[in-house]
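Let's take a walk through a protein fold together. Have the model open beside you and follow along as we go.

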Amino acid sequence: MNQSYGFIEISGVVAAIDALDIMCKTADVELVTWERKLGGRLVTIIVQGDVAAVTEAVETAAANGIKKPVCKAVIARPHEEIVKIVELSRSRWDKK
């Protein structure tokens, strides 16, 4: 599997959407899912793609977004347990 996940956690829904827009326009990544915590005050965006694309997308969004992220991460070749967690999050949105 040459896939990776990119995570950006940021304060606010508008800032999260802006970061997602930057990531999708920067590199060949796609949205997997998103999570809102603390009533939407913290939003985690999860994208997937190849390692280079995800890294470029996350770094560009972190540097150029309207807010700086609270944290960010890229997981290359995620363990199957990580994939299960991300898919569980995704399945919550698929049901709606």
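Before counting any pairings, we need a rule: two strands pair if DSSP finds at least two bridges between them. Helices (H or I, at least four residues) and strands (E, at least two) are DSSP runs, numbered from the N terminus. With that settled, six bridges link S1 to S4, and these strands run antiparallel. One spot to look at is Ser4, which sits opposite Ala76 in S4.

A word on where this comes from: you're looking at a predicted model, in which local features need pLDDT of at least 70 and side-chain atom pairs count only at pLDDT 80 or more, while totals for chains, interfaces and linings use all residues. Residues are numbered from 1 along each chain as its sequence is written, and side-chain values use heavy atoms, with hydrogens and water left out. As for pLDDT, that's the predictor's confidence in each residue, from 0 to 100. Here the protein's mean is 92, and 94% of its residues reach 70 or more. Confidence is highest in H2, at 97, and lowest in H3, at a mean of 89.

Now for the whole sheet. Strands of a sheet pair through backbone hydrogen bonds, either parallel or antiparallel.

Let's zoom in on S3. Nine bridges connect strand S1 (residues 3-11) with strand S3 (residues 42-50), again antiparallel. Along that pairing, Gln3 has Asp50 as its bridge partner, Ile8 is opposite Ile45, and Ile10 is opposite Val43. Seven bridges join S3 to S2, which also run antiparallel, and there Trp34 stands opposite Ile45. How many of the nine residues of S3 are buried? Seven are, so S3 is largely enclosed by the rest of the structure. (Buried means under 20% relative accessible area, exposed over 50%, and partly exposed in between, using a 1.4 Å probe and protein chains only.)

Next come the helices. H2 has 14 residues and spans 20 Å from its first C-alpha to its last, close to the 20 Å expected, which is 1.5 Å times one less than its number of residues. Its buried residues are Ala53, Val54, Ala57, Val58, Ala61 and Ala62. Viewed down the axis of H2, they fall within an arc of 155°, so they line one face of the helix; the arc is that of the directions from the helix axis to the C-beta atoms. The face turned away from that buried side carries the exposed residues Ala52 and Asn64. The cover over the buried residues of H2 includes S1, H1, S3 and S4.

Finally, find Ala27, in the loop between helix H1 (13-26) and S2. Ala27 is buried, with a relative accessible area of 12%. What does Ala27 contact, leaving aside its neighbours within four places in sequence? Ala53, Glu56 and Ala57, where contact means heavy atoms within 4.5 Å. Ala27 and Ala57 are 30 residues apart in sequence, and 5.6 Å apart in space, C-alpha to C-alpha.
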